[in-house]
Amino acid sequence: MNKHVSTCLAVAILWISMHTLQAQDSEQDPLPKRNIFTTRIESKAPDIDGKLDEACWETVEWSGDYTQWQPASGEAPTQKTRMKVLYDAKNLYVGFRCFDDDPEKIEQRMSRRDGFAGDWVEVNIDSYHDLQTAFSFTISAAGVKGDEFISNDGNNWDTNWNPIWYAKSHIDSLGWTAELRIPLSQLRFGKQDEQVWGIQSTRRDFRMDERATWQPMRRTDAGWVSRFGELRGIKGLEPQKQLEIQPYVLAQLSTFKAEAANPFATGRDTRLSAGVDGRIGVTNDLTLDFTINPDFGQVEADPGALNLNGFQIFFNERRPFFIENRNIFDYQLTGSEAGGPYDSDLMFYSRRIGGSPHRYISSDGDRGYFVDQPQNTTILGAAKFSGKTRKGLSIGILESVTQREMATIDYQGERSEAVVEPLTNFFVGRFRQDFNEGNTIIGGMLTSVKRDINDPNLDFLHRSATSGGLDFVHRWNNRSWFLSGKIMASQVSGSREAIYATQTAFEHLFQRPDAEHLSVDSTANSLTGTGGTLMLGKYGGKWVFQTGATWRSPELELNDIGFLVNTDEINYFFWGARRWVEPFGIFRRFQWNYNHWSRWDFSGRNLYRAVNTNAHANFTNFWQVGAGLTYENLDISKNALRGGPALRRPNGFGHFAYISTDSRKKVNFYLNTFQGWGIDKIVRVQNYRISMNWQPVNAMSVSLQPAFERFQRTEQYVTQLGHDGQTRYINGRVDQQTFSTTIRLNYNITPDLTIQYYGQPFISRGRYDRFNRLTDQPLGRTFEDRFHLFTKEEISYDAANELYEIDEDGDQQTDYTFGQPDFNFIQFRSNLVLRWEYTPGSELFLVWSQGATAFEDPEQGIFRSLSDNLFGENARNIFLVKGTYRFIR
């Protein structure tokens, strides 16, 4: 399929979709909004025991008539639900009556906070009444709490928001009941004498896998918060300013393998530290969060990963200070439903703060040279000023300072220090202003990194990095349609060495010999670039689509504080889908998707074209299946040769399929496979993943997720070197096998006392053969056009020095050599955490972490290597006790 056929097909699908959608506009008329009325408590407030037996509950009427939202929106639910709301000067109280015809079958599955297991009921409160954001509070039949901050009209639910509130549930002969007490200090609202808040409530019936809502909603509706009903009757409330201080104390013991000659590896290390987190309500709308000397010792370790394609590996943020309210700082370049390999770039990536030092000094035991290198940069302090005003202005300001880090060097008994990371200041500012009841939003973002570089060994770093952007979104036709756009610019400055390194880095590669639109400027001390995106789409109705384009100029650089995968590209994407959201036949839900993508560089050269279709089905027996097929009919890589010319890769296919059994069962499985291959057999990818989940009792869950991937490519980059005034690009056939298993065990002694285990053994082994060099036809149609395969006479292996020797001209003299690229990387990470929330917001952690990393013989089988190293003597053990206490006013 050429690009003209692909474009015509996209236009045809878009035309059909738009005309079909015009006929369905009447289906998207908004449903009438319901009201629920509350009253102020004049007598004794209720005790939060879940029983709803206090006299004050009789002063307000029940509101019921919940309707199904899933699977059959608008129909009567299997079980009825009722809700009441009360308030006083300091708290909001919510009561639920969840009827059940068979109370003994109520699913009381336990989990830690935000687990959302079993039967539950929740309330969402849009106290801003901005139709965009809301606070969600969930209580399960087992008494487990969950809380989320909802933003972007329901497109983002942040489970890392952890307010202070109180809730209990109770099982009785009619079903179950629940009581919630939500301090008003945890909400945000204006100063009006009479408040009107948005409100929604959802109940999950676990046995029927059914969700019913108090305010009726359709599955085909776009948006969530904008469709809430209204809570009325709140009068005379005084805004509540938060004041929360949470100090912590930590004691840590580390044990590891001792090295006799290494003075820094004695086999034992101890640490005692303290810090504080806090939150101050500057106004009722805006808060200041701060942290001094934060510690994240209880945070789960990153999963193992090894990437041969040169791109950075993205790891999710796991540290509480940075993930709470992170939606305010979100500025993703595309955020496209259409996906593709270009939708993860971020202007702000918080993992850059407190990461590993940029300079690494390695030890050399043979010379008596040992280095104590810090693993992470110390965060001296950080503060966030964030919130949303009554007039719809969202503000987020983050400031953080990281310490100047030093490595301690011991050279034959003499100690010295060397700087490995400068004192650095990070700044992020974000604003968004709502107009027209949130249908139009205009925003902007500014980031800055300033490094205090006073050592020539750090001249490879940017002294400053600044980026800024403007964005907008406009929705119409009952929020079904949208048009959005983003534009950004970046500037980095520093020494000539630093800017040269940026120009020649993997993300830029200005030195590419066939990139006539680019050139390396070795005298430059700054670099300025741009990026942006424009998208049009429709999310309401049965037919939905999204299309748009994004660009990244060659000079764009975000990686000092953001996450940037690639530059010098213009991408076009299209995604369309037909959704059957109501049950029919054997299906509870069915969806078919179509996608295509195309990419060019800034010279106008077409680099990539692909088309994809996939389908997903939920059945009436609660099983799920899905499958998809992708055809790549053009793939020219400009970074496969790490600064060499663009390389044509073979056209190919990829397909995936998965099946998931009934997730309500005590034992359930999820199986997924991906297969990809080049038409001329140059590349082959096989991926298999299984997830096995077991709930032996309500208080315990066990999950095992093994995965195996095999990656084979005949043109895998190995190295480049000079010969006769020319560059030789050496490649080979790699056979990479990767196996990992993620193990999770959760045991709930009570909803507030949990034991959680996470472990992941990971191994990736790669072996190379069939070495070859690039010819003068990197865009040739066949492998033989693009590469010359070394003959037995041209290549030999020096086992003693682990070098391959190349004799190109057959004169029996070695022309050049390159190292043995085989590898066998093994890693094991685990955490065992006992967490006790002994009073709301205050916690005690007991943690045992274990980690091991090793490089083994590539000739050894992956499972043998894994078993030999999994619990070997190289493991590092960390025992940690951490206690926090949350002072609240």
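Start your tour at strand E35, which gives the nonpolar patch its largest share, 3 residues. Keep in mind that you are looking at a predicted model.

Now click on Trp623, in the loop between strand E31 (606-619) and strand E32 (624-637). Is Trp623 buried, partly exposed or exposed? Its relative accessibility is 34%, so Trp623 counts as partly exposed.

**Into the interior.** In soluble globular proteins, nonpolar side chains tend to be buried together. Next, select Met83, Leu92, Phe96, Val123, Phe137, Leu180 and Trp197: within the largest nonpolar core, of 36 residues, these touch the most other members. Strands that each supply at least two residues of this core include E4 (81-87), E5 (91-99) and E12 (194-205).

Zoom in on Leu92. Which residues does Leu92 touch, leaving aside those up to four places away in sequence? Among them are Val85, Ile125, Leu180 and Trp197.

**Zoom out.** Show the whole protein chain as a cartoon and you will find 5 helices and 47 strands. The radius of gyration is 29 Å, close to the 29 Å that the globule rule gives for 889 residues, so the chain is as compact as a globular protein of that length. Of those 889 residues, 56% are buried.

Technical notes. Residues are numbered from 1 along each chain as its sequence is written. This is a predicted model: local features need pLDDT of at least 70, side-chain atom pairs count only at pLDDT 80 or more; totals for chains, interfaces and linings use all residues. Side-chain values use heavy atoms; hydrogens and water are left out. A nonpolar core is a set of buried Ala, Val, Leu, Ile, Met, Phe, Trp, Tyr and Cys residues joined through side-chain atoms within 4.5 Å. Buried means under 20% relative accessible area, exposed over 50%, partly exposed in between (1.4 Å probe, protein chains only). Helices (H or I, at least four residues) and strands (E, at least two) are DSSP runs, numbered from the N terminus. Contact means heavy atoms within 4.5 Å. The radius of gyration is taken over C-alpha atoms; the globule rule is 2.2 Å times the number of residues to the power 0.38.
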